[in-house]
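Good morning, and thank you for making time for this item. Please have the sequence and the model open while I speak.

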Amino acid sequence: MAYKLIALDLDNTLLNAKKEVTPENRNALKAAQEKGVHIVLASGRAFPGISPLQKELGLADYTIACGGAQVIDPWGNVIHSTYLPPIGAKQVMRWAAVRDIHFQVYLDEGIYYLKENKYADLYRKLCTYGGVANPDIMDMETVLTSKIIMVDEEEKVQEYEKELRITFPEFAYPKSQKGFLEVLSPEATKGNALAFIAAKLGIEPGQVIAMGDNTIDESMVEYAGLGVAMENATDDLKNIANFVCGSCEQSGVAEVVNKYILGV
């Protein structure tokens with residue numbers, strides 16, 4: 001069966017450690033586009049942190065943002081959202097605030113956090129897109145957010161996750177990269193978002209390739225007919241993948257596109 005869609009995580013999958021697309025990956029994706037294959041970028045980032053890369057690659061397709069909580073159409077419109085329950089979101093925000101943990105709230109109009117600090121700077125550096133300090137976010141009566149992310153040292157993030165899973169077992173806590181802890185609705189997954197896009201395009205799961213490196217990618221790797229883990233992926237993701245390709249530093253995306261789409 002010919003593959004008609006490839007969904008790509010960004011950080012440590014399509015992008016290398018320098019947050020760059022290698023020439024090999026760039027050329028392979030261009031060739032796949034010329035064959036009519038849909039290229040869907042699927043990231044934990046908000047859409048403004050993804051769109052510059054789309055323009056750089058000449059992509060005009062659907063996008064999965066906020067770890068699967070949002071689907072964006074080719075014209076930049078949000079067409080599908082899965083929000084955290086507002087009361088629960090506010091409780092998580094309070095939990096982090098009283099512990100002086102840096103957290104960011106993803107609202108439709110932008111990303112907000114309580115104050116500027118080194119973790120806000122770190123996020124901005126890693127994701128090439130930042131938010132805005134707003135000390136009044138705790139006063140919001142209704143918080144309609146696609147996700148909350150906490151940023152800290154990796155050891156501390158692991159402890160936060162343990163406590164949050166006990167305190168708020170109704171939420172999901174996927175990992176996108178070290179030092180980040182995502183808080184999402186269990187229904188807000190890259191796999192669900194990818195299924196939504198495939199259905200709109202009339203594409204079967206068996207015609208889909210999905211590639212990733214971390215726990216936040218597991219659902220879409222499981223959904224796709226060909227689920228691919230990077231060599232630098234977590235062991236858990238490798239265990240559920242159909243294929244393990246080269247690392248993000250070795251242009252693993254190009255390896256997969258060449259092998260399964262271009263046949264070279």
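This is a predicted model: local features need pLDDT of at least 70, side-chain atom pairs count only at pLDDT 80 or more; totals for chains, interfaces and linings use all residues.

Beyond its neighbours within four places in sequence, Gln 177 is in contact (heavy atoms within 4.5 Å) with Asp 11, Asn 12, Lys 19, Leu 126, Cys 127 and Asn 214. Residues are numbered from 1 along each chain as its sequence is written, and side-chain values use heavy atoms, with hydrogens and water left out.

Where does Gln 177 lie? Gln 177 is in the loop between helix H5 (154-167) and S10; helices (H or I, at least four residues) and strands (E, at least two) are DSSP runs, numbered from the N terminus. Gln 177 counts as buried because its relative accessible area is 10%, the limit being under 20% with a 1.4 Å probe and protein chains only.

Gln 177 also belongs to the lining of the largest cavity, and together with Asp 11, Ser 43, Gly 44 and Ser 176 lies nearest the centre of that cavity. On a 1 Å grid over the protein atoms alone, a cavity is a set of points where a 1.4 Å probe fits but cannot get out, and lining residues have an atom within 4 Å of a point. The structure holds 1 cavity of 30 Å³ or more.

How many residues line the largest cavity? There are 17, and they divide into 5 nonpolar (Ala, Val, Leu, Ile, Met, Phe, Trp, Tyr, Cys and Pro), 8 charged (Asp, Glu, Lys and Arg) and 4 polar (the others, Gly among them).

**Ala 65**

I turn to Ala 65, in strand S3 (residues 63-65). Ala 65 is buried, since its relative accessible area is 0%. Apart from neighbours within four places in sequence, the contacts of Ala 65 include Ser 43, Arg 45 and Phe 47.

**The whole protein**

The protein has 9 helices and 13 strands, and buried residues make up 55% of its 264 residues. The C-alpha atoms fill a box of roughly 55 × 35 × 30 Å, taken along the principal axes.

Terms used: On a 1 Å grid over the protein atoms alone, a cavity is a set of points where a 1.4 Å probe fits but cannot get out, and a pocket is an open set with protein on both sides within 12 Å along at least five of seven lines; lining residues have an atom within 4 Å of a point. Grid points are joined across faces, edges and corners, and a volume is the space filled by probe spheres set on the points. Buried means under 20% relative accessible area, exposed over 50%, partly exposed in between (1.4 Å probe, protein chains only).
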